[in-house]
Amino acid sequence: MEYTEKVMDHFLNPRNVRKIDDANAIAEVGNATCGDIIKLYLKITAEGIIEDISFQTFGCGAAIATSSMTTEMVKGKHIDEALALTREQVADELGGLPANKMHCSNLAADALHKAIKEYKAKNGLK
C-alpha cells in the first residue's frame, strides 16, 4: 500500500509543528525499533479544553503525518474526549496507513494519552 494523498499532505505540510512554551501538559514517546520519537505539547484550559496543541517529531513521513492529524483531531476538544482517540481512528482519518507503519509510526495518540493522564494526575483529576 502506498501513502494516501491525505498522508502526503500532512507529511509535506504538517500542522501545529512547534514548541508551546507555556504548555501545561507535555509527553514524549518513542519506538526503539524504528527510531520514531514524538514530543507533544498541550495547553489545557481550567475547564479541560485543549486550547492549543503542537508537536515535534523525529521520524518517517507516517510519523509526521499522524502527529499532524492527531493535533487537528483533538484541538478544541475536552481532554476526556481526546483520551478516547485511538491509533486506528488517526489512521482512518488519514485514509489508511501501510500495515508496517501502524505499530511504530502512529505514536501520536499514545503521546496524547500520556500527556493527558499526567496532566490529570498532576491536577488531581480522575
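Colleague: What is the order of the three strands in the open sheet?

Modeller: This is a predicted model, in which local features need pLDDT of at least 70 and side-chain atom pairs count only at pLDDT 80 or more, while totals for chains, interfaces and linings use all residues. Residues are numbered from 1 along each chain as its sequence is written, and side-chain values use heavy atoms, with hydrogens and water left out. Strands (E, at least two residues) and helices (H or I, at least four) are DSSP runs numbered from the N terminus, and two strands pair if DSSP finds at least two bridges between them. The pairing in this open sheet is antiparallel, and the strand order is 1-2-3.

Colleague: Which strands stand at the edges of the sheet?

Modeller: Each edge strand has a single partner strand, so one side of each is left without a neighbour in the sheet. The strands at the edges are strand 1 (25-30) and strand 3 (50-58).

Colleague: How many bridges join strand 1 to strand 2?

Modeller: Ala27 stands opposite Leu40 in strand 2, and the bridge partner of Gly30 in strand 2 is Ile37. The hairpin of strand 1 and strand 2 has six residues between the strands, with Gly35 at a positive phi near 85 degrees. These strands run antiparallel, and the number of bridges joining them is six.

Colleague: Is Ser67 buried or exposed?

Modeller: Ser67 lies in helix 2, where its side chain reaches the backbone oxygen of Ala63 at 2.8 Å. Not counting residues up to four places away in sequence, Ser67 touches Ile38, Phe55, Thr57 and Ala108, a contact being heavy atoms within 4.5 Å. Buried means under 20% relative accessible area, exposed over 50% and partly exposed in between, with a 1.4 Å probe and protein chains only. Because its relative accessibility is 0%, Ser67 counts as buried.

Colleague: At what angle do helix 2 and helix 6 pack?

Modeller: Axes are lines fitted to C-alpha atoms, for helices over the stretch in contact, and angles run from 0 to 180 degrees between N-to-C directions. In this contact, Thr66, Ser67, Thr70 and Val74 in helix 2 meet Ala108, Ala109 and Leu112 in helix 6. The axes of helix 2 and helix 6 are 8 Å apart, and the packing angle is about 50 degrees.

Colleague: How are helix 2 and helix 6 therefore oriented to each other?

Modeller: Angles under 35 degrees count as roughly parallel, over 145 as roughly antiparallel, 65 to 115 as roughly perpendicular and the rest as oblique. With a packing angle of about 50 degrees, helix 2 and helix 6 are therefore oblique.

Notes: Polar contact = N/O pair within 3.5 Å; in protein donor to acceptor, adjacent residues only side chain to side chain.
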